[in-house]
Amino acid sequence: MTFYALHHKPSDGFLAELLHKRGYTHTEPCKDKPPRLFRHKQAAAQALNKWLAGKLEYRLVSDALIDNDTVTNHELHLALTPVATRLREEMEIVKVTIVIER
């Protein structure tokens with residue numbers, strides 16, 4: 001079986017499988033957790049692009065003051081926080097082959 005993983009060349013770490021609730025864009029390369037595996041190289045490339053763009057999170061916006069009246073307005077806004085240390089040239093997509101022996 002062939003998969004693809006996102007490798008951080010300087011640290012020799014990988015972007016790990018999600019082990020918390022914040023989302024994949026909040027992960028950093030590491031060597032001590034299982035790497036996140038992708039079935040297709042294109043899926044790995046898309047995930048890498050999103051990770052390089054920064055940390056994504058939803059923020060709740062509510063209770064706006066309009067004309068001296070408080071209006072309850074619950075909206076989720078997607079916010080992107082860039083991470084300056086994430087560099088495309090430090091990342092690569094690598095092929096991972098798993099052999100099952102019986």
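**How many helices and strands does the chain have?**

The chain has 1 helix and 7 strands, where helices (H or I, at least four residues) and strands (E, at least two) are DSSP runs numbered from the N terminus. Read along the sequence, these elements follow the pattern β-β-α-β-β-β-β-β.

This is a predicted model, in which local features need pLDDT of at least 70 and side-chain atom pairs count only at pLDDT 80 or more, while totals for chains, interfaces and linings use all residues. Residues are numbered from 1 along each chain as its sequence is written, and side-chain values use heavy atoms, with hydrogens and water left out.

**The chain as a whole**

Of the 102 residues of the chain, 25% count as buried; buried means under 20% relative accessible area, exposed means over 50%, and partly exposed lies in between (1.4 Å probe, protein chains only). Among contacts (heavy atoms within 4.5 Å) between residues at least 6 apart in sequence, 58% join residues at least 24 apart.

**Helix H1**

Helix H1 covers residues 41-53, and its 13 residues should span 18 Å at 1.5 Å a residue, which agrees with the 19 Å between its end C-alpha atoms; the expected span is 1.5 Å times one less than the number of residues. Just after H1, glycine 54 takes a positive phi of about 135°.

Within H1, the residues Ala44, Ala47, Leu48, Trp51 and Leu52 are buried. They lie on the same side of H1 because they cover an arc of only 135° around the axis, the arc being that of the directions from the helix axis to the C-beta atoms. An α-helix has 3.6 residues a turn, so residues three or four places apart point the same way. The buried residues of H1 pack against S1 and strand S7 (91-97), whereas Gln42 and Lys50, on the other side of H1, are exposed.

Arginine 86 lies in the loop between strand S6 (75-81) and S7, and glutamate 28 in the loop between strand S2 (13-14) and H1, so the pair ties together parts that are 58 residues apart in sequence. Arginine 86 counts as buried because its relative accessibility is 6%, while glutamate 28, with a relative accessible area of 36%, is partly exposed.
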